[in-house]
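Work through the exercises below with the sequence and the model open. Each task is followed by a solution in steps.

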Amino acid sequence: MRIPRRWAAIFGLLGMRIWDALRSTYPAKGELWRRKLELLNAARNGIAHDDQTKLGVVRAAGWPLTLASARSWRAGLDGLVVGMDHVVKRHVQDTLKVSPW
């Protein structure tokens, strides 16, 4: 499950620890967002590559491949994007001393 680690590396180029920033800013949601993203990526890869092992991991984590699961993932991603926007803005503002947006 690479996406959270890949994102960590990309934001690391900006001097950010994105998942730490999300968890500290959103203690009730940060880790949930990371986990949903991992499982969504595993589901996507499992479907795209017909990998029943990955799909089994997703199902075992409590995420059957249903419309309800897809809607929950979408809501989680919507929240994650808003959270990322907030912590990146704050990081850029603190670093450059100007508001980026």
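**Exercise 1. Is Asp 50 buried or exposed, and where does Asp 50 lie?**

Step 1. Asp 50 has a relative accessible area of 58% and is therefore exposed; the cut-offs are under 20% for buried, over 50% for exposed and partly exposed in between, with a 1.4 Å probe and protein chains only.

Step 2. Asp 50 is located in the loop between α3 and α4. Helices here are DSSP runs of H or I with at least four residues, strands are runs of E with at least two, and both are numbered from the N terminus.

Step 3. Although Asp 50 is not a glycine, its phi is positive, about 45°.

The model is a predicted one, in which local features need pLDDT of at least 70 and side-chain atom pairs count only at pLDDT 80 or more, while totals for chains, interfaces and linings use all residues. Residues are numbered from 1 along each chain as its sequence is written, and side-chain values use heavy atoms, with hydrogens and water left out.

**Exercise 2. Find the other non-glycine position described here, Lys 97, and state its phi and accessibility.**

Step 1. Lys 97 is placed in the segment after α5.

Step 2. Its phi is positive at about 65°, and Lys 97 is not a glycine.

Step 3. Lys 97 counts as exposed because its relative accessible area is 67%.

**Exercise 3. How many helices and strands does the protein chain have?**

Step 1. There are 5 helices and 0 strands in the protein chain, so the pattern along the sequence reads α-α-α-α-α.

Step 2. The C-alpha trace spans about 50 × 25 × 20 Å along its principal axes.

Step 3. Of the 101 residues in the protein chain, 32% count as buried.

Step 4. Take the contacts (heavy atoms within 4.5 Å) between residues at least 6 apart in sequence: 53% of these join residues at least 24 apart.

**Exercise 4. Check the span of helix α3 against its number of residues.**

Step 1. Helix α3 covers residues 30-48, which is 19 residues.

Step 2. The expected span is 1.5 Å times one less than the number of residues. For α3 this gives 27 Å.

**Exercise 5. Describe how α3 meets α4.**

Step 1. The axes of α3 and α4 (residues 52-60) come within 8 Å and cross at roughly 145°. Axes are lines fitted to C-alpha atoms, for helices over the stretch in contact, and angles run from 0 to 180 degrees between N-to-C directions.

Step 2. From α3, Leu 39, Ala 42, Ala 43, Asn 45, Gly 46 and Ile 47 take part; from α4, Lys 54, Leu 55 and Val 58 do.

Step 3. By class, the contact has 6 nonpolar, 2 polar and 1 charged residues. Ala, Val, Leu, Ile, Met, Phe, Trp, Tyr, Cys and Pro count as nonpolar, Asp, Glu, Lys and Arg as charged, and the others, Gly among them, as polar.

**Exercise 6. Which residues touch the most other members of the largest nonpolar core?**

Step 1. A nonpolar core is a set of buried Ala, Val, Leu, Ile, Met, Phe, Trp, Tyr and Cys residues joined through side-chain atoms within 4.5 Å.

Step 2. The largest core has 13 residues, and Met 16, Ile 18, Leu 22 and Leu 80 touch the most other members.

Step 3. Two or more residues each come from α2 (18-25), α3 and α5 (67-96). The largest share, 5 residues, is from α5.

Step 4. A second, separate core has 6 residues, including Ala 43, Val 58, Trp 63 and Trp 73.
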